[in-house]
Amino acid sequence: MANDLLTCLRAVTDSRIGLERAGGSLTTRDWLALRAAHAAARDAIHATSGQPDIPPPVLYVHSRCQDRQQYLLRPDLGRRLADDTELPAGPFDVALVVADGLSPLAVAHHAGPLVGALRNLLAEAQLTVSPVIQVSQGRVAIGDEIGERLQARLVVLLIGERPGLSAADSLGVYLTYAPRVGRTDAERNCISNIRSGGLDIALAARRTMALVQAALARQLTGVELKESAQTLTAPTARLAESAAAPPQAE
Amino acid sequence: MPSTPTLKTLLAHASPLRSGDVLAGVAANTEQQRVRAQMELADVPLRRFLSEAVIPYEDDEVTRLIIDAHDAAAFAPIGHLTVGGFRDWLLSPSANATTLAALAPGLMPEIVAAVSKLMRVQDLVLAASKCRVVTQFRNTLGLAGRFATRIQPNHPTDDPRGILASTIDGLLLGAGDAVIGVNPVAEDVGSVSTILHLLDRFRQQYEIPTQICVLAHVTTQQRAMDGGAPVDLLFQSIGGTEALNRSFGVSLSLLDEAWQQTLELRRGTVGDNVTYFETGQGSALSANAHHGIDQQTLEARAYAVARRYRPLLVNTVVGFIGPEYLYNGKQITRAGLEDHFCGKLLGLPMGCDVCFTNHAEADFDDLDTLLTLLATAGCNYVMGVPGGDDTMLSYQSTSFHDALYVRQLLGLKPAPEFEEWLTREPEREWRMIS
């Protein structure tokens, strides 16, 4: 490919285009770069260290999954709390939950700052907020059981999204009004791709807060609740609303 | 004396181990129970499948389609066989491209699923390699000695320039004869129509003998057609039960209507295969629409839906769904070969999205293994993703380079019309549409 054309094409996409060939195959450099990106994603999924720095009050709980392998094989167990879990008595306006999901790395990198920003905005709005319930081996729907038991009007759940090759530490936020076990994904709203180079923490917090207020006012979340255009000011906003986003965390 | 198990139970217990069947609670509990079920299944007469539906006729329109469309005359030559006898026949010289093509309308999905459960990898490869399914739109796909690719130029924000950049990259590496097919981020009619017009103008400008598809919901594509958008191929994800198709927002009557609308555009130049379907094991369980049937049998039933519409392309997206359905490279590999075999036997132009997600226990070595096996099995086409990294769907699939590897290794060529185009103008000038 001519160099000027290649430069022009590369400027408009992050896809791996214009790769040189060794025969017909990837060159050593490009092949190892691909493998390195996959290795980073694998390590992010199986990361065990690196707890987020979330100021108290924080309560640590577990799903019914015994380990990572069971988490991957049994999504049903990752959606329920371990039998002996004790939670504080509610009620709260908002339950705040942080789950490791498929990227403990995302939680370690971004959950602390995002919880801090959200707590400030929720306090300004004079809403009562639960302690942060931090779940290990948790999936999105575990927020339903937690929110129900906390008697929360709304659950806001932060979760590590399935790592891709371009980002292994992307965080998602899911909002579910009137949480109870058995809610479907169509009854949630999602903000995705929160990471360095994606949606930044401050904007993610403002967009979450706008959804919190809309959800409490209209008493619903899900497909009938849309974000207003004013809050979607980042270039990544459209990506963040992609239909493909929710299953990446689920 | 224990009662005779139903076909549904026997099929599930005989299915080689995969996580989705365990999750559904339908798998055999032990390896020995699995093999006993395979032995019992081997002795089942094929005729039993004609009278015992895995989902009742009254309850499911896919069952009704399977039974109503069954061609008894085509089935007659193998009507005396058991499932095990059918496997032996498939591996014998009596099974060849001609006899298999004649047999296809006489086969039911549950029959091909059953026989696949008795087969090892080499059987799945050899039997499938005997099938030849040729389809046409603006070029001819599925001929012997040919291996096609879909350019999948997805972009995380549907940026037209980004989509074109990946498309050009693919064409320069000889990909794109199966289809240039975009998975859109935005599902609205306006965005979908914009991409269709963009790629159609591009195709016409460079006189590329291939077809364009934007893989939106079928009703979105219908609205795009209503508005005059150039829809070459009608796409839809489908499954093997009425309930699963309902979860996809489709039914046979809706697909019938959309198919007719697409046919009436008469955009094909060498043929009128105007549909493109994607499937994948596990989707029924994930939609709670599985009826207690194993995921591989359900996948084969999806092919009965596909063949009603004489598709140009069908591919199983084998490694996308995640480890709770196909846990590792071994399960993904087996599933890809089963799907290819079952689809081909039923007369479908099978391709495969050979792929994996980052939370599956699989890597590029597993991808290479399945790709190589499928190519030797005569797979019609695979995906072509720049560098194997889909930055929109966040998974790894086969790259343009991977397709070049297969073509080199096995001496395979692109579709003839496309091959001619590739060599027509070596000094072709590419202009960016800004």
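Which domains does the domain assignment of chain B give? Here are some notes on that and on what follows from it; please keep in mind that this is a predicted model.

1. **Domains of chain B.** The assignment gives domain 1 (7-129) and domain 2 (135-424). Their C-alpha centres are 25 Å apart.

2. **The interface inside chain B.** Contacts link 45 residues of domain 1 of chain B with 42 residues of domain 2 of chain B. Together the two domains bury about 3,500 Å², and carbon and sulfur atoms account for 64% of that area. On the domain 1 side, Arg18(B), Glu61(B) and Leu65(B) lose the most area to domain 2 of chain B, together 18% of what that side buries.

3. You will find five salt bridges between domain 1 and domain 2 of chain B. A salt bridge also joins the side chains of Arg64(B) and Glu242(B), at 4.0 Å from N to O. Several helices of chain B each supply at least two residues of the domain 1 side, among them H1 (7-14), H5 (61-68) and H9 (109-117). H9(B) gives the most to that side, with seven residues.

4. **The largest nonpolar core.** This core has 143 residues, and Leu41(B), Phe86(B), Tyr276(B) and Phe341(B) touch the most other members. Domain 1 (7-129) and domain 2 (135-424) of chain B both give residues to the core, so it lies between them. Leaving aside residues up to four places away in sequence, the contacts of Leu41(B) include Leu10(B), Phe49(B), Val83(B) and Lys117(B). A second, separate core has 33 residues, including Ala106(A), Leu171(A), Ile191(A) and Ala204(A).

5. **Chain B against chain A.** Here 47 residues of chain B are in contact with 41 residues of chain A. The two chains bury about 3,600 Å² between them, with 62% of it on carbon and sulfur atoms. Asn358(B), His359(B) and His401(B) supply 18% of the area that chain B buries against chain A, more than any other three residues.

6. Two salt bridges cross the interface of chain B and chain A. Have a look at Arg16(A) and Asp389(B), whose side chains meet in a salt bridge of 2.7 Å, N to O. Elements giving two or more residues to the chain B side include helix H19 (364-376), strand E12 (395-396) and helix H20 (400-410). H11(B) provides the largest share of that side, seven residues.

Note on methods: Residues numbered from 1 in each chain as written. Chains lettered and ligands numbered in written order. Predicted model: local features only at pLDDT ≥ 70, side-chain atom pairs only at ≥ 80, totals over all residues. Heavy atoms only, no water. Core = buried A, V, L, I, M, F, W, Y, C linked by side-chain atoms within 4.5 Å. Buried < 20%, exposed > 50% of the residue type's maximum accessible area, 1.4 Å probe, protein only. Domains from an automatic or database assignment. Contact = heavy atoms within 4.5 Å. Buried area = accessible area lost by both parts, 1.4 Å probe. Helix = DSSP H or I, 4+ residues; strand = E, 2+ residues; numbered from the N terminus.
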